[in-house]
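Hi,

Here is the structure I promised to pass on. Have a look at it first, and then read on for what turned up when I went through it.

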Amino acid sequence: MGTPGTRPVVEGRFHHRGAELVYDDAGTGPLAVYAHGGFVSQAVEQRMDLFDWAPVLRTGRRLVRYDARAHGRSTGRPVDTDYTYASLADDLLSLLDHLGTVEPVEPVDAIGASMGCGTCLHAAVRAPDRFSRLVLLLPPTAWATREAYARANRAAADTIEREGAGDWLAARGDPHRPAVVADVPEFPPTPPEPILPSVLRGLARSDLPPPTTLAALRCPALILTWVDDPGHPVSTATALADCLPEAELHLSRTRADVRTWGSRIADFLTDHRP
């Protein structure tokens with residue numbers, strides 16, 4: 001992922017609720033903040049080469065991408081409730097405070113993938129005036145499809161505590177990965193093994209906000225997802241597009257189309273001005 005801009009990437013840190021959260025700060029202009037998916041980090045996503053942030057920075061924005069608590073460079077505690085979407089949303093709002101975006105500063109653009117999608121939606125529901133636009137990448141299982149995911153996470157947490165992470169990691173490889181990411185390398189989870197069970201249980205206790213609650217959001221939203229991924233079902237993306245008042249949905253079926261997401265995000269942020 002290229003990150004050119006008028007200002008080089010600077011690493012920042014702040015403390016919140018028993019963790020040190022680390023972020024990369026690049027570019028200048030209106031602020032956009034990015035929350036990654038579960039078990040990865042900014043460095044891992046860079047190596048996966050899934051998203052290209054260069055088009056976003058070329059729109060004249062300050063882009064802050066942070067490692068969620070216990071992921072990547074950020075620290076965390078073995079506390080299940082620290083890793084629910086609602087708690088992760090609290091981290092995001094505290095990051096905005098740290099960056100100096102407390103009212104009456106302009107609202108920010110929030111971009112989130114998978115777990116980060118849940119983080120952004122919970123933050124937007126809690127503090128809608130702080131966000132101007134939402135970009136929701138790979139919405140995860142939610143509502144009717146969430147319980148099976150939650151059950152698997154709870155079982156995995158028990159297995160790791162009982163037997164260690166080795167067998168769970170070996171079983172994690174999915175031979176039926178979505179074709180659009182079949183060539184993307186897989187990496188081990190970045191949360192340390194002693195914290196992995198808490199991360200799994202926290203995510204098991206999470207869900208997206210209810211559709212009736214999301215329907216009250218007024219900021220424009222862009223939803224990007226791909227096909228044939230049980231962990232990120234098209235049904236969630238479609239339901240979000242239906243319940244959010246001003247939403248666009250784009251569905252990718254090829255790796256080449258996924259590579260257009262950076263440009264699609266940049267166009268969306270430029271065209272949908274507050």
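Asp-257 counts as buried, because its relative accessibility is 18% and the cut-off for buried is under 20%. You'll find Asp-257 in helix α10, which covers residues 255–258. If you skip the neighbours within four places in sequence, Asp-257 is in contact with His-250, Leu-251, Ser-252 and Arg-264.

Before you go further, keep in mind that this is a predicted model. The mean pLDDT of the protein is 92, and 93% of the residues reach 70 or more. The stretch to treat separately is residues 1–5, where pLDDT stays under 50. For residues 1–5 the model has 17 contacts beyond four places in sequence.

Now the pockets. The largest pocket has a volume of about 1,400 Å³, and its lining is made up of 45 residues. If you want to find the middle of this pocket on screen, pick Phe-39, Arg-172, Asp-229, Gly-231 and His-232, the lining residues that lie nearest its centre. Which helix gives the most to the lining of the largest pocket? That is α5, with 8 residues. Helices α1 (42–48), α5 (146–163), α6 (166–172) and α7 (196–204) each supply at least two residues of this lining. Sorted by class, the pocket lining has 27 nonpolar residues, 10 polar ones and 8 charged ones.

How many cavities of 30 Å³ or more does the count come to? The answer is 3, and the largest cavity has a volume of about 60 Å³. Lining the largest cavity are Ala-35, His-36, Tyr-66, Ala-68, Arg-69, Leu-88, Asp-91, Met-115, Gly-116 and Thr-119. Helices α3 (85–99) and α4 each supply at least two residues of that lining, and α4 gives the most, with 3 residues. By class, the lining of the largest cavity divides into 5 nonpolar, 3 polar and 2 charged residues.

On to the aromatics. A pair of aromatic rings is described by the distance of the centres and the angle of the planes. The count comes to 6 aromatic pairs, and here are two of them.

Tyr-34 and Trp-53 form a tilted pair, 4.6 Å centre to centre and with 55° between the planes. This pair links distant parts of the chain: Tyr-34 is in strand β3 (residues 31–35), while Trp-53 is in the loop between α1 and α2 (54–58), 19 residues apart. Are Tyr-34 and Trp-53 buried or exposed? Both are buried.

The other pair is Phe-51 with Trp-261, and this one is stacked: 6.0 Å centre to centre, with 10° between the planes. It also links distant parts of the chain, with Phe-51 in the loop between α1 and α2 and Trp-261 in helix α11 (residues 261–271), 210 residues apart. Phe-51 and Trp-261 are both buried.

Next, some backbone angles. Leu-138 has a phi near 50°, a positive value in a residue other than glycine. Trp-143 is another residue other than glycine with a positive phi, near 55°. Leu-138 lies in the loop between β6 and α5, and Trp-143 is found in the loop between β6 and α5 too. What about their accessibility? Leu-138 is at 6% relative accessibility, so it counts as buried. Trp-143 is at 24%, so it counts as partly exposed, given that buried means under 20% and exposed over 50%.

Last one: Pro-128. Where is Pro-128 placed? It sits in the loop between α4 (115–126) and β6 (131–137). With a relative accessible area of 40%, Pro-128 is partly exposed. Pro-128 and Ala-216 are 88 residues apart in sequence, and in space they are 9.3 Å apart, C-alpha to C-alpha.

Cheers

Conventions: Residues are numbered from 1 along each chain as its sequence is written. This is a predicted model: local features need pLDDT of at least 70, side-chain atom pairs count only at pLDDT 80 or more; totals for chains, interfaces and linings use all residues. Side-chain values use heavy atoms; hydrogens and water are left out. On a 1 Å grid over the protein atoms alone, a cavity is a set of points where a 1.4 Å probe fits but cannot get out, and a pocket is an open set with protein on both sides within 12 Å along at least five of seven lines; lining residues have an atom within 4 Å of a point. Grid points are joined across faces, edges and corners, and a volume is the space filled by probe spheres set on the points. Helices (H or I, at least four residues) and strands (E, at least two) are DSSP runs, numbered from the N terminus. Ala, Val, Leu, Ile, Met, Phe, Trp, Tyr, Cys and Pro count as nonpolar, Asp, Glu, Lys and Arg as charged, and the others, Gly among them, as polar. Buried means under 20% relative accessible area, exposed over 50%, partly exposed in between (1.4 Å probe, protein chains only). pLDDT is the predictor's confidence in each residue, from 0 to 100. Contact means heavy atoms within 4.5 Å. Rings of Phe, Tyr and Trp (its six-membered ring) pair if their centres lie within 6.5 Å; planes under 30 degrees apart count as stacked, over 60 as edge-to-face and the rest as tilted.
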